[in-house]
Amino acid sequence: ELRHYLQPGGFSCWVRVSLALVSLGIVYQRLGQSEAMNLLFIHGLEGSSQGMKAAYLRDRFPDVHTPDFTGSLDQRMGKLLSILQSHPEDNWTLIGSSFGGLMAALYAKMHPQRLDKLILLAPALVWPDFALQENLQVDVPTIIYHGTQDDVIPIDYVRSLAERSFTQLKFNTVDDDHMLHRTVRAVDWLR
């Protein structure tokens, strides 16, 4: 069971609790601080913080950050940088959907030391700001979910770009479309 606790001083952590009966007592196993999660969801180009994925993640992880991004890629990246600079702690997991996946990947290229993991949902890596970069190596554990029925972002091109760009990649091909509605509910977000 995963529980969320707000510690004195505003420190927030997730705790995995396993219950075991030991001589009439209950033993709690607590995850270390290094396993606390800082989650930020970055929606797609036409998405918002009120979309299905953001709502689903907020329901599962009440402290997930789900800001709204508007404007050009530069404006959106500026806002993302500002948000993460205002939270000086490291060990972030960025979850990016489509254009948000592009943003997460670009951030990881610039600041890999701040991240624990990227989870990219049908990422728009085909955008020239990513696709045209030569010798791009992102050394952050990266999990990609991409649907075989995606008619917005071509899966084969994304896989090729991802395999050459992410040094710690797990690419998951799923039976879903670009929105990944079925997949989002099946992902083990804590792995």
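What share of the 191 residues of the protein count as buried? The figure is 46%, where buried means under 20% relative accessible area, exposed over 50%, and partly exposed in between, with a 1.4 Å probe and protein chains only. The model is a predicted one, in which local features need pLDDT of at least 70 and side-chain atom pairs count only at pLDDT 80 or more, while totals for chains, interfaces and linings use all residues. Residues are numbered from 1 along each chain as its sequence is written, and side-chain values use heavy atoms, with hydrogens and water left out.

The secondary structure comes to six helices and nine strands; these are DSSP runs numbered from the N terminus, with helices being H or I of at least four residues and strands E of at least two. Contact here means heavy atoms within 4.5 Å. Among contacts between residues at least 6 apart in sequence, 64% join residues at least 24 apart. The accessible surface of the protein is about 10,000 Å², and 51% of this belongs to carbon and sulfur atoms; such areas come from the Shrake-Rupley method with a 1.4 Å probe, and for residues only the protein chains shown count as cover.

Because 10 of its 12 residues are buried, α3 is largely enclosed by the rest of the structure. Among these buried residues are F99, M103, L106 and Y107. The partners that the buried residues of α3 pack against include the strands β5 (38-42), β6 (92-97) and β7 (115-121), along with helices α2 (73-85) and α4 (128-131).

K53 sits in helix α1 (residues 52-60). K53 is buried yet has no salt bridge, meaning a side-chain nitrogen of Lys or Arg within 4 Å of a carboxyl oxygen of Asp or Glu. The nearest side chain of opposite charge is D177, 7.6 Å away; Lys and Arg count as positive and Asp and Glu as negative, with His and the chain ends not counted. A polar atom of the K53 side chain does lie 2.9 Å from the backbone oxygen of M179.

D176, in the loop between β9 (169-174) and α6 (181-186), is buried, with a relative accessible area of 2%. D176 and G147 are 29 residues apart in sequence, yet their C-alpha atoms are 4.4 Å apart. Leaving aside neighbours within four places in sequence, the contacts of D176 include G147, D150, H181 and R182.

Conventions: A polar contact is a pair of N or O atoms within 3.5 Å; within protein, one must be able to donate a hydrogen and the other to accept it, and residues adjacent in sequence count only if both atoms are side-chain atoms.
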